[in-house]
Amino acid sequence: MTENKWDEPERLSEILEQEQRVWQALVAGDAITDNEALHADFLGVYPSGFATRTDHVAQLTKGPSVQSYTISEPRLLDLGKCHQCLSYRASFIRPGETAEQVMYVSSIWRQQNGAWINIFSQDTPADAKNGGA
């Protein structure tokens, strides 16, 4: 049975820290940290299409892919033993750009061998006009 963990600050903080490691890797252009944070079978679902771990890490071959970011409105959903879904609003700016992009992100984290690893992530543009609840 799944349950809402939005109000469990310790677990939310733990998973949010892992998510921020990925964002910081994008800011630093750190392909090693990005690769280590993602499961070998990672699946990303983005406005541009599907991405594997290799695709996600490859965006850093020319350096940072994000200049700055802010995470707000985080929520955590318990998906069962050893799995958590972190959903939040991400505001970020790409290098060389001034326009802020805003996405709603959901990332699924799996605990294995005493560590958290990202197995899935989906980004939805905040300005999406269709499909809202």
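Let's start with a term: a residue is buried under 20% relative accessible area, exposed over 50%, and partly exposed in between (1.4 Å probe, protein chains only). The model here is predicted, with local features needing pLDDT of at least 70, side-chain atom pairs counting only at pLDDT 80 or more, and totals for chains, interfaces and linings using all residues. Residues are numbered from 1 along each chain as its sequence is written, and side-chain values use heavy atoms, leaving out hydrogens and water.

**Exercise 1.** Work out whether C82 and C85 are buried, partly exposed or exposed.

*Solution.* Step one: take C82, whose relative accessible area is 31%, and call it partly exposed. Step two: do likewise for C85, which at 11% is buried.

**Exercise 2.** Find how many disulfides the structure holds.

*Solution.* Step one: recall that a disulfide is a pair of cysteine sulfur atoms within 2.5 Å. Step two: look at the sulfur of C85, whose closest cysteine sulfur, in C82, sits 16 Å away, too far for a bond. Step three: write down the count, which is 0 disulfides.

**Exercise 3.** List the elements of the chain in order.

*Solution.* Step one: helices (H or I, at least four residues) and strands (E, at least two) are DSSP runs, numbered from the N terminus. Step two: there are 3 helices and 7 strands. Step three: from the N terminus on, they go β-α-α-β-β-α-β-β-β-β.

**Exercise 4.** Say what share of the chain is buried.
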